[in-house]
Amino acid sequence: MVRIVGYKTRQRENGTNFNLLEVHGGIEMVLSQKTNQYYVTAKKTFISSTFDDETCKALIGTQMQGSIIKQECEPYEYTVKDTGEVIILNHRFVYSPEETIASSSTIHASVNTSSDSFEADIQAFSKNEKHEAVLAD
């Protein structure tokens, strides 16, 4: 599920305005490369709409079926707002009307019956089943 949390007005090339809905996905745990501690975050993206300002305002808080997924794209420059650092990214986050498989029902664990130890599968913390360390504040 995703939630509509806001909207922005943009201008088309022909001068007319349109609104983008800002949507956030569920919370995720990410490991900081700087502190080696987990922090919680959420993916966000914008979806084009045909709605006027009043409709967009009324939709804030609405949950929709779907998820936000990471999609590869042509490399582009991105300026980190807090530091002013310019970095090159080759992905963006986009809305997908289908739910991702990762949920509490897909958390994997392995149990070694010979020593009765319990070991969590680190891949269970990632929707793309890869353990990614991310630089954070």
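Okay, let's start with a serine: S32 counts as buried because its relative accessibility is 2%, where buried means under 20% relative accessible area, exposed means over 50%, and partly exposed is in between, with a 1.4 Å probe and protein chains only. Before I go on, this is a predicted model, so local features need pLDDT of at least 70 and side-chain atom pairs count only at pLDDT 80 or more, while totals for chains, interfaces and linings use all residues. Residues are numbered from 1 along each chain as its sequence is written, and side-chain values use heavy atoms, with hydrogens and water left out.

So, back to S32. This serine lies in strand β2; strands here are DSSP runs of E, at least two residues, and helices are runs of H or I, at least four, numbered from the N terminus. A polar atom of the S32 side chain lies 3.1 Å from the backbone nitrogen of T35.

Next, the hairpin. One example: I27 has A42 as its bridge partner in β3. There are 5 residues between the strands of this hairpin, and N36 takes a positive phi near 60°.

Now the other serine, S67. You'll find S67 in strand β5, residues 67-79, and it counts as buried because its relative accessibility is 5%. Its side chain reaches the backbone oxygen of E98 at 3.1 Å. That's a polar contact, meaning a pair of N or O atoms within 3.5 Å; within protein, one must be able to donate a hydrogen and the other to accept it, and residues adjacent in sequence count only if both atoms are side-chain atoms. S67 and V23 are 44 residues apart along the chain, with 9.4 Å between their C-alpha atoms.

V23 takes us to the largest nonpolar core, 7 residues in all: V2, I4, L21, V23, I47, C56 and I68. β1 (2-11) and β2 (17-32) are the elements that give it two or more residues. A nonpolar core is a set of buried Ala, Val, Leu, Ile, Met, Phe, Trp, Tyr and Cys residues joined through side-chain atoms within 4.5 Å. Leaving out residues up to four places away in sequence, V2 touches, among others, V23, S67, I68 and Y95, where contact means heavy atoms within 4.5 Å.

Last, what about the cysteines? C56 is buried, at 0% relative accessible area, whereas C73 is partly exposed, at 24%. Across the whole structure, a search finds 0 disulfides, a disulfide being a pair of cysteine sulfur atoms within 2.5 Å.

Note on methods:
Pairing = 2+ DSSP bridges.
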